[in-house]
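Open the model in your viewer and keep the selection tool at hand.

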Amino acid sequence: MKLLICMLLCWVSFGTQVATAQSGWEISTTQKDNYVPTCVANGQIGIVPDVMPFKTRDVVLNHVFDRGAPYDVSRVLHGVNPFNLEVMIDGSTILLDECKNWQQVLNMREAHLSAFFQFGDKATVEYSLQALRNMPFGGLMQVKIEARDDIELDVANCIHIPANYQELRSLFRMMRDLDARMPVFQTTSVSPYGAHEVAAASGFLFEGQLPELNNDVEDVYNARQSFKVKLTKGQVYSFSLFGAVCTSRDFNDPYGESERMVVFAQREGAHKLIARHKQEWAKLWESDIIIEGDIDSQLDVRFALYNLYSYQRADTDLSISPMGLSAPGYNGHVFWDSEIWMYPPLLLLQPEMGQAMMNYRINRLDKARQKARNYGFKGAMYPWESDDSGEEATPTWCLTGTFEQHISADVGIALWNYYRLTRDLEWLKNRAWPVLRSIAEFWTSRVGVNEDGSYSIVNVVGANEFAHGVTDNAFTNGSVKVVLNDVIKAAKVLSYDVPDRWLLISDGLRIESFEDGVTREHATYNGEVIKQADVNLLAYPLGLISDPDIVKKDLEYYESRISPVGPAMTFSVFSVLYARLGQADKAFEMFQRSYQPNKRAPFGVLAESAVSDNPYFATGAGGMLQAVLYGFAGIELTDDGIEQGRACLPDHWKSLTITGVGSDKKTISCSNDR
């Protein structure tokens, strides 16, 4: 019988060395067809590469929203895209079909995507693309070409403008100092509905002598900056392209600021920029998940971490939309996906990022209070879909925007969890408490009392969004129970008095059950197919159901009722619960079901469901990481901080090591000892 050994250790320097010794840092592909790109991002901009040489498909801007068209909602903006080159050798454009031995490699440790190929018999080419962690509005493409014969190289810097952008104002401008070392290519546009000015600037970075640059402007849509060099056989030539994308959301003068960033990059040089980028990522990777004995799971788990780290920053006070910075899916809005799915692993491994996500909600408290007033309630009623304004941004035809109100409990639970981890009393008092109090006031005004003295919440949409207008939804009522208790605990810590009714409501809210003891999803639920886990969330993450027999009954009942079109997170929750029941094989089966059917070639980016194609689904990444952290590793976040529960590793995992946990950067290690 195997012995499971788990240790909670203070972080020491060898933790990073362990990660360094592990394989599982690169994902490579030679697949050109059915290509679903991975993203390089830095928490502020996301750059979506292409299979085509030197091309990028899109730039996704974080929380930069355009006003919606008539009868529509706000949408996150595509950026003006400065990360494209046209490269010709001896007059022939480098096209994919003519690239031999083509390969792309994602390096997660250093956060860059590289491509390698041979262009005919003329040259060997290598280039890499990264969204610079140290310059959050900038990205860099590095190019190295080795001549296999005497060749002429013709390179053009082309800025792409999204097709729906209107009112183009200033498309091209050169800027040089006295020694002509700062040539800048500039484009500025106004977003389709006029909410923001969007500017992009780019410029070449050269090592050594600056070649002569040509500036060609046919019209406002066709402009480019180019250079030519002649290379002799065996010569290696390197250069870089830096681009910056700025908007009026973050800058009064996005045009000028993007130009200044290019000038800075040209003066710093590519080597310094990349060195600082690597330093930033090395610091992030001090918090890592290391799996010994299963290289496939290691790659998948680290890829999920890489994406969440890419989509968030500690210095923005922003949160993460379901597709992160990989695509403008769900219009870039913020849902419960942030608090319930992506936040728990980030809180554990990157508390500063978790704080930024909480600040996003705290900073929009006034709008949540306004929404509550608008619907006749007290306190704070958070929107189901939030844009930068903090107002409700759900399409009006979608009932979730009006009735999926558990979000106003999810936010409060997440706030208390941040305090549980950090014990930051000043933050709790000055930042979190006004929100927690307002959330409690909302729910006490929202519930209704029954004849027997119990409490109900009527006319809601729960986590199972197939069921509309239900009464006593299990997850909604459960989350309200938990958040009211959390607010009461926060008040006790702060020595504040709270109304007795808050506790009465928490204790009195109904959670329905069938005669056989299975928890009933809502008052009229009778076994219908459901979109995703609802009842099972009462066991994890809410912790309201702890009896193993009931947890198991609920798992077995609802597992067979999950829709095949449902999102990935259900099976992540199932994995956590089976691990906590000690069923390692079943937990691993659910872990794999939470993401394997959703992987899309060639990098394994995650779609929202097994039958959809809308990657990268950061929500699913958060769920599968919770299966590892809060399931297999047995980590629990309690009122006393991080605790080590019973770990439950798959048989073929030799060990699981989690570095950089919590504010004090502990290491948690679990091993299978046979």
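Start with the salt bridges: the count comes to 28, each a side-chain nitrogen of Lys or Arg within 4 Å of a carboxyl oxygen of Asp or Glu. The model is predicted, so local features need pLDDT of at least 70, side-chain atom pairs count only at pLDDT 80 or more, and totals for chains, interfaces and linings use all residues. Residues are numbered from 1 along each chain as its sequence is written, and side-chain values use heavy atoms, with hydrogens and water left out.

Select lysine 599 and aspartate 300. They form a salt bridge, with the closest N and O atoms 3.0 Å apart. Lysine 599 sits in strand S23 (residues 599–600) and aspartate 300 in helix H4 (residues 295–311), so the pair ties together parts 299 residues apart in sequence. Helices (H or I, at least four residues) and strands (E, at least two) are DSSP runs, numbered from the N terminus.

Next, select 407–422 and 474–494, helices H9 and H11. Their axes come within 9 Å and cross at roughly 40°; axes are lines fitted to C-alpha atoms over the stretch in contact, and angles run from 0 to 180 degrees between N-to-C directions.

Finally, select strands S27 (655–661) and S28 (666–673). They run antiparallel, joined by five bridges; pairing takes at least two DSSP bridges. Serine 655 stands opposite serine 671. Four residues separate the strands in this hairpin, and glycine 662 in the turn has a positive phi of about 75°.
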